[in-house]
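Here are my comments on the model you asked me to look over. I have set them out as numbered points so that each can be checked against the coordinates.

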Amino acid sequence: MLIIITTLASRINAMFSSLDHDSIMILVATPCLLLLYFVIKTLKERLFPDPQLPPGSLGWPLLGETLQFLPTRRSPSPERFVSDRMKKYNPQVFKTSLFGETVAVFCGPAGNKFLFSNENKLVNVWWPTSVKKLMKSSLANVVGDEAQRLRKIFMTSVDRDALKSYIDRMDLVAQNHIRTHWEGITSACFSYLGK
């Protein structure tokens, strides 16, 4: 054991002896400064919260409440993360920290109406970098003019006139399915799955 420690110490010493004093200081100072930055940022957010943010918890430093949020996605009641915080802090809006970002979560019809009616006026939609990497380009994470263009295209395909034109086709498909797969069957058993 002593031989391994001595050998390791001599290798570390040889590695650092080949570097000059300035290089060693940079190697040591860079991680220390990054750590100091995150500690100061975290302390500032917790000791002097922004008065414009709603009530809520930011969770653990750097991690936030991400560890509490992720398991709820696969649980039988994924909405529990939000509903627990609505009960605890505010039923309309609360703050939390997810994926390294402080976020405000709007709940219910009033919150959604506020967000969607004031987009690009009072509210700018943005997504954390991690979510953008995961979802690439989709209607859920596109912002600004591109989001408006995509929504306009989407809304023209589901407006009243478009839906009326789909009814005849949907009726034909349903009748064909019933004729092909259900004709002659006298009873059927259905089970209720979830909500």
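The points below go from the overall fold to the hairpin, the core, the salt bridges and the surface.

1. Overall architecture. This is a predicted model, and the comments should be read with that in mind. The secondary structure of the protein chain consists of eight helices and two strands, which follow one another along the sequence in the pattern α-α-α-α-β-β-α-α-α-α. Buried residues account for 15% of the 195 residues in the chain. Of the contacts between residues at least 6 apart in sequence, 42% join residues at least 24 apart.

2. Strands β1 and β2 pair in the antiparallel sense, and the pairing runs over six bridges.

3. Burial of β1. How many of the six residues of β1 are buried? Six of the six are buried, so the strand is largely enclosed by the rest of the structure. In a regular strand the side chains alternate between the two faces of the sheet. In β1, Val93, Lys95 and Ser97 point one way, whereas Phe94, Thr96 and Leu98 point the other way, and all of these residues are buried.

4. Ser97 as an example. Ser97 belongs to strand β1 and has a relative accessible area of 8%, which is under the 20% cut-off, and therefore counts as buried. When its neighbours within four places in sequence are left aside, Ser97 is in contact with Ser57, Leu58, Leu63, Gly64, Glu65, Thr66 and Thr102. One of these contacts, Glu65, returns below as a salt-bridge partner of Arg85.

5. The nonpolar core. The largest nonpolar core is made of six residues, namely Phe81, Phe94, Leu98, Val103, Val105 and Cys107. Strands β1 (93-98) and β2 (101-106) each supply at least two residues of this core. In soluble globular proteins, nonpolar side chains tend to be buried together. For Val105, the contacts beyond its neighbours within four places in sequence are with Gln92, Val93, Phe94 and Thr96, and Phe94 is itself among the core residues.

6. Salt bridges. The structure holds two salt bridges. In one of them the side chains of Glu65 and Arg85 meet, with an N to O distance of 3.1 Å. Glu65 lies in the loop between α2 and α3 and Arg85 in helix α4 (residues 80-88), so the pair ties together parts that are 20 residues apart in sequence. Both Glu65 and Arg85 are buried.

7. Asp84 forms a salt bridge with Arg80, where the closest N and O atoms are 3.7 Å apart. Both residues lie in helix α4, four residues apart, which is about one turn of the helix. Asp84 counts as partly exposed because its relative accessibility is 34%, and Arg80 counts as exposed because its relative accessibility is 51%.

8. The loop between α2 and α3. Pro61 lies in the loop that runs between α2 (21-47) and α3 (66-69). With a relative accessible area of 45%, Pro61 is partly exposed. The C-alpha atoms of Pro61 and Lys41, which are 20 residues apart along the chain, are separated by 9.3 Å.

9. The surface. The protein chain exposes about 16,000 Å², of which carbon and sulfur atoms supply 66%. A nonpolar surface patch of about 650 Å² is made by Phe154, Met155, Val158, Leu163, Tyr166, Ile167 and Met170. The elements that give two or more residues to this patch are α7 (144-157) and α8 (160-182). Which of the elements gives the most to the nonpolar patch? That element is α8, with four residues. Tyr166, which is found in helix α8, has a relative accessible area of 35% and is therefore partly exposed.

Notes. Residues are numbered from 1 along each chain as its sequence is written. This is a predicted model: local features need pLDDT of at least 70, side-chain atom pairs count only at pLDDT 80 or more; totals for chains, interfaces and linings use all residues. Side-chain values use heavy atoms; hydrogens and water are left out. A nonpolar core is a set of buried Ala, Val, Leu, Ile, Met, Phe, Trp, Tyr and Cys residues joined through side-chain atoms within 4.5 Å. Buried means under 20% relative accessible area, exposed over 50%, partly exposed in between (1.4 Å probe, protein chains only). Contact means heavy atoms within 4.5 Å. Two strands pair if DSSP finds at least two bridges between them. Patches are made of residues with over 30% relative accessible area and no salt bridge: like charges are joined within 9 Å, nonpolar side chains (Val, Leu, Ile, Met, Phe, Trp, Tyr) within 5 Å. Accessible areas come from the Shrake-Rupley method with a 1.4 Å probe; for residues, only the protein chains shown count as cover. A salt bridge is a side-chain nitrogen of Lys or Arg within 4 Å of a carboxyl oxygen of Asp or Glu.
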